[in-house]
Amino acid sequence: MKSVIAFLLATVVTVPITVPIIAQDAGPTTIRTLVEAGRDDDLRWPDFSDYRKHLVNFYEPLNYAFAWSRNGKVTPQSLAVIALFESADVKGVNAVDYDGSRWGARLQALSTGHPDDI
């Protein structure tokens, strides 16, 4: 289940980064496409097809809207989860499995609007 949470957050935080400066109404289409594909090559573990059912259950009631950001800004709750991912080694799991080292660059790219920096 930890992997599902990691993916949920990674998808919604990286979607605005990998497809940056997209209109808010384009977000649902992008998220739906990623969920249906079951793959995102920007992730440490790009094949998440085993979690497709969980992602559909999470995003479908939201109409595939951004869940972890509002108006292009990552929510405080998302930042708290990202902090846990970055320090996962302290909890006895590998931070790299949660893209721990990649979050800083993702957040920086999101805040500056420079997707090519990733």
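How are H4 and H5 oriented relative to each other, roughly parallel or roughly antiparallel? The legends below take up this question and others, using a predicted model.

**View 1. Helices H4 and H5 pack against each other.** Helix H4 covers residues 76-86, and helix H5 covers residues 103-112. Their axes come within 10 Å. The crossing angle is roughly 150 degrees. Angles over 145 degrees count as roughly antiparallel, so H4 and H5 are roughly antiparallel to each other. From H4, the residues in contact are Leu79, Ile82, Phe85 and Glu86. They meet Trp103, Gly104 and Leu107 of H5. By class, this contact holds five nonpolar residues, one polar and one charged.

**View 2. Helices H2 and H3 form another packed pair.** Helix H2 spans residues 27-37 and helix H3 spans residues 52-59. The two axes lie 9 Å apart, at an angle of about 155 degrees. That angle makes H2 roughly antiparallel to H3. The crossing of H2 past H3 is left-handed.

**View 3. Side by side, the residues that join H2 and H3.** H2 contributes Ile31, Val35, Glu36 and Ala37. H3 contributes Arg52, Leu55, Val56 and Tyr59. Six residues of this contact are nonpolar and two are charged, with no polar residue.

**View 4. Glu36, a residue of helix H2.** Is Glu36 buried or exposed? Its relative accessibility is 52%. The cut-off for exposed is over 50%, so Glu36 counts as exposed. Glu36 is also among the H2 residues that meet H3. How far apart are Glu36 and Val56 in sequence and in space? In sequence, 20 residues separate them. From C-alpha to C-alpha, the distance is 8.4 Å. Val56 is one of the H3 residues in the contact with H2.

**View 5. The whole protein, for orientation.** The protein has five helices and two strands. Their order from the N terminus is α-α-α-β-β-α-α. The chain has 118 residues, and 38% of them count as buried. The accessible surface amounts to about 6,800 Å². Carbon and sulfur atoms own 54% of that surface. Which share of the contacts with a separation of 6 or more comes from residues 24 or more positions apart? That share is 59%.

Definitions and conventions:
Residues numbered from 1 in each chain as written. Predicted model: local features only at pLDDT ≥ 70, side-chain atom pairs only at ≥ 80, totals over all residues. Heavy atoms only, no water. Helix = DSSP H or I, 4+ residues; strand = E, 2+ residues; numbered from the N terminus. Buried < 20%, exposed > 50% of the residue type's maximum accessible area, 1.4 Å probe, protein only. Contact = heavy atoms within 4.5 Å. Areas by Shrake-Rupley, 256 points an atom, 1.4 Å probe, with all protein chains shown as cover. Axes fitted to C-alpha atoms, helices over the stretch in contact; angles between N-to-C directions. Parallel < 35°, antiparallel > 145°, perpendicular 65-115°, else oblique. Left-handed = near helix turned anticlockwise from the far one by under 90°. Nonpolar A, V, L, I, M, F, W, Y, C, P; charged D, E, K, R; others polar.
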